[in-house]
Amino acid sequence: MTAIIRPYAPQDRQDAVRIINAAAQAYRGEIPDDCWHEPYMAPEAVDAEIATGVEFLCYATGDGVVALMGAQLVRNVRLIRHAYVLPEWQGHGIGATLIAHLCRDGDRPILVGTWQAATWAIRFYERQGFVRVAEVDIARLLRSYWTISDRQVETSVVLARPTLGADAVAHLLATGGGPS
Ligand SMILES: CC(C)(COP(=O)(O)OP(=O)(O)OC[C@H]1O[C@@H](n2cnc3c(N)ncnc32)[C@H](O)[C@@H]1OP(=O)(O)O)[C@@H](O)C(=O)NCCC(=O)NCCS
């Protein structure tokens, strides 16, 4: 399969929305009902994420764009944001390839947040070398580095690469955690 990985461009918007909402069907019936909505991400929400600094990579095959994944630099960490592969393309290493690209710069810790209920996603990140942070650190990391609802904070987990122990989390938050 010939595939290319390239930065998202404005003409990818429609594909991006289609891919996100097709892949996000995995959440239906798994995440809490009050967190599920359809579409899972509207076009304006994708625009808003880009406006706040999320940089997406697209994975394109002969069939067009089939996956996208974003990264966002937030002070002293890099966040992986919005990882979505079209269902029919999942399980072929595309997610692993995209995350490897996004994690190439090892200049700062990389964090990813996902739903507690998304066990497949947690497993995917663990296979890519991410390790769950301790329960006590989840909410303060999410509140420091993400802008998400209280409900999403209480129903999410955070994984980090490299592993972040209690001291490392405290150091990160002290040096770049932003306003509390
Ligand atoms: C989670 C997600 C992004 C992972 O992307 P992906 O392309 O399916 O992931 P990969 O193929 O790289 O890895 C997934 C599995 O395929 C396996 N795999 C990797 N390369 C493979 C290959 N060449 N052939 C077959 N299987 C392969 C991996 O071992 C992995 O197995 P595991 O889940 O049992 O550990 C994707 O499945 C997805 O969009 N899911 C729905 C939305 C979602 O949950 N997103 C996460 C948001 S936080």
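I took helices (H or I, at least four residues) and strands (E, at least two) as DSSP runs, numbered from the N terminus, and counted two strands as paired if DSSP finds at least two bridges between them. The model is predicted, so I kept to its limits: local features need pLDDT of at least 70, side-chain atom pairs count only at pLDDT 80 or more, and totals for chains, interfaces and linings use all residues. Residues are numbered from 1 along each chain as its sequence is written.

Strands. I found that β2 and β3 form a hairpin with two residues between them. Their pairing is antiparallel, over seven bridges, with β3 spanning residues 64-74. T61 has G64 in β3 as its bridge partner. On β1 (residues 4-7), I noted antiparallel pairing with β2 (residues 55-61) over four bridges. There I5 stands opposite Y59 of β2.

Helix α3. I called a residue buried if 20 or more other C-beta atoms, placed from the backbone, lie within 10 Å of its own, exposed if 12 or fewer, and partly exposed in between. I94, G95, L98, I99 and L102 are the buried residues of α3. They fall within an arc of 125° seen down the helix axis (directions from the axis to the C-beta atoms), so they line one face of α3. A96 and H101 are exposed on the other side.

I counted a residue as near if its C-beta atom, placed from the backbone, lies within 6 Å. Of the 20 residues around the ligand, Q90, G93, G95, A96 and T114 come nearest. β4 (77-85), α3 (94-102) and α4 (119-127) each give two or more residues to the shell. The largest share, five residues, is from α4.
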